[in-house]
Amino acid sequence: MKSIMKKICIWAFALTVIVSVLGLPVKLFAAGGLSVSASAGSVYVGDSVTFTVSASNSAGNVNISGAVNDSIWLDNSSQSYTVKATSAGTIGINVSGVLASYDTGLDQNVSGSSYVTVMNRPTSSGGNQNNTNQNVVKDEPKEEVKKNTDSALASLSVSQGKLSPNFASGTTSYKVTLPSTASSIKISASARDAKASVSGTGTRELEPGNNKLSVVCSAEDGSSTTYTINVYVDEKPLTYMTYNGVKFGVSAHNGKGGKLSKAFDETKIKVDGIEIPAWKNKALNITLVYLQSEGTEGYYIYDETKQEVVSVYEPMAVLGQNFVRIDVPENLQKREGMNFTKVKVDGKEFTGWTFDDKNLENYALIYVMNDAGKYVYYQYEKTQNTLQLYSGSAPLSQEAFVKYKEDMEKKLDNSQMWNVIFGIAAGIFAVGMIASIVVASKRKSTSLKYERVNMPARKMSKASNIEADSLMNKFKDEE
């Protein structure tokens, strides 16, 4: 009994594995957001299988060959094809193309494939047999299908310049020379065999100097041939500009400067009679050029009126604030009580100021351009790693506040003491003045005396006698 149960378990497990292999869909993923899948890993002759081509988080055009021949546009979407298996062997599709990532906005060459095994349908044997031999499926020998090994290109071309040497299927290395104004090139190619796939075509970005670009042709059997195109872009600057004593070359590219906001429009301006690329923001009245020097390159603000470079221009986000790092003009570099130097804010370096006061050693000041194109000061506090608009007054630390309070209290105590002293002195002075006035008035009243003086008698008129008597009476009254 145990032996029978053991055999039943073994057959049940084997049957489960077979059903899983035949019934579960198989999905193969390719790079760059492209996926190619089949509804089953294997089918019988006469059955149908569905292939699905999908683009996730990306968009672009892809070419399909093999059991299906089509060219479709996918935009974060998928396309399915149902194919009937007509003979034993393998059936599948090859997919290649160019997809642009939603995250980076960059084009990427992608490719992928999916194959399904096609088997002859099994037949059942008749007769009465015991349970252990019933429903046994006997597979017929598989017919060996020979896959195509041709991995050569039938054509290869570029949108500008000329391939050197001229294209030939057996030649796998080429050169193209382009002027310094070239920033991209489009590559077109096709496979010699219809079942082969091609990757590496489409528009490719270029940098000054040599650019090694590859196109791969993959045969049906999985073998491949790589064709290499060495595109050389002239590195010589269009002209030269000098800023802060450094000679910069004016580049036709904006390679490492990053992408500007949509507020800037690409245009052309003339410098020394030479037309160069520039980027303008009419709302902010800013013109940018792209300059390169040894180890340095990026956007710079160009004053078309003065015809000179006035500052670096580097957009960035720091501690939740969006602004542009610029150079501090020479007339603003000197600030009273501050030291003009390099300042690090959240790991990024700026030209700015630190305070001479040691109590303010955790504070610094930077000068930047905000989103509105205005030049503003930001105050940075190191211990809290905070950034805020600068009000124009010096920050006050806790230590400085305590010292300031103590100084004010001392000044207040001294002021009160001197007020008391001045009050006492004023009182003494007032008392002295009053005493002096009283003494002086007494002296005046005791010293004023009138004496009668005997004059030699002489005959006076009646009127004179009356006047004399009147004066004498007055003196008596005053005494």
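Two rings of Phe, Tyr or Trp (for Trp, the six-membered ring) count as a pair if their centres lie within 6.5 Å; planes under 30 degrees apart make the pair stacked, over 60 edge-to-face, and the rest are tilted. Keep that in mind for a cluster in which ring pairs link Phe340, Trp353, Tyr367, Tyr375 and Tyr377.

Before going further, a word on what you're looking at: the model is predicted, with local features needing pLDDT of at least 70 and side-chain atom pairs counted only at pLDDT 80 or more, while totals for chains, interfaces and linings use all residues. Residues are numbered from 1 along each chain as its sequence is written, and side-chain values use heavy atoms, with hydrogens and water left out.

Back to those rings. By the pairing rule there are 13 aromatic pairs. Take Phe167 and Tyr227, which form a tilted pair, 6.5 Å centre to centre with 45° between the planes. The pair links distant parts of the chain, 60 residues apart: Phe167 is in the loop between E10 and strand E11 (173–178), and Tyr227 belongs to strand E16 (residues 224–233). Strands here (E, at least two residues) and helices (H or I, at least four) are DSSP runs numbered from the N terminus. Phe167 counts as partly exposed because its relative accessibility is 25%, whereas Tyr227 is buried at 0%. The cut-offs are under 20% relative accessible area for buried and over 50% for exposed, with partly exposed in between (1.4 Å probe, protein chains only).

Tyr367 and Tyr375, by contrast, are stacked, with 6.0 Å between centres and 10° between planes. Tyr367 is buried, at 9% relative accessible area, while Tyr375 is partly exposed at 45%. Another member of their cluster, Trp353, has the charged end of Arg335 over its ring, 5.7 Å from the centre.

Now for the strands. Strand E4 (residues 48–55) has six of its eight residues buried, so it is largely enclosed by the rest of the structure. Two strands pair if DSSP finds at least two bridges between them. E4 runs antiparallel to strand E2 (residues 34–38), joined by five bridges, and Ser37 has Thr52 as its bridge partner. E4 also pairs with strand E7 (residues 78–84), again in the antiparallel sense, over seven bridges; here Phe51 partners Tyr81.

Phe51 turns up again in the largest nonpolar core, which has 24 residues and in which Phe51, Ile64, Ile93 and Val95 have the most contacts. Such a core is a set of buried Ala, Val, Leu, Ile, Met, Phe, Trp, Tyr and Cys residues joined through side-chain atoms within 4.5 Å. Elements giving two or more residues to this core include E2, E4 and E7. Leaving aside neighbours within four places in sequence, Ile64 is in contact (heavy atoms within 4.5 Å) with residues including Val53, Tyr81, Ile93 and Val95. Apart from this core lies another, of 22 residues, among them Tyr313, Val324, Ile326 and Tyr367.

Finally, there's an open sheet of three strands, in the order E10-E12-E14 with antiparallel pairing. Its edge strands are E10 (153–158) and E14 (202–205), each pairing on one side only. E10 pairs with strand E12 (residues 184–191) over five bridges, including one between Leu156 and Ala189.

Methods:
Lys NZ or Arg CZ within 6 Å of the ring centre and 35° of its normal.
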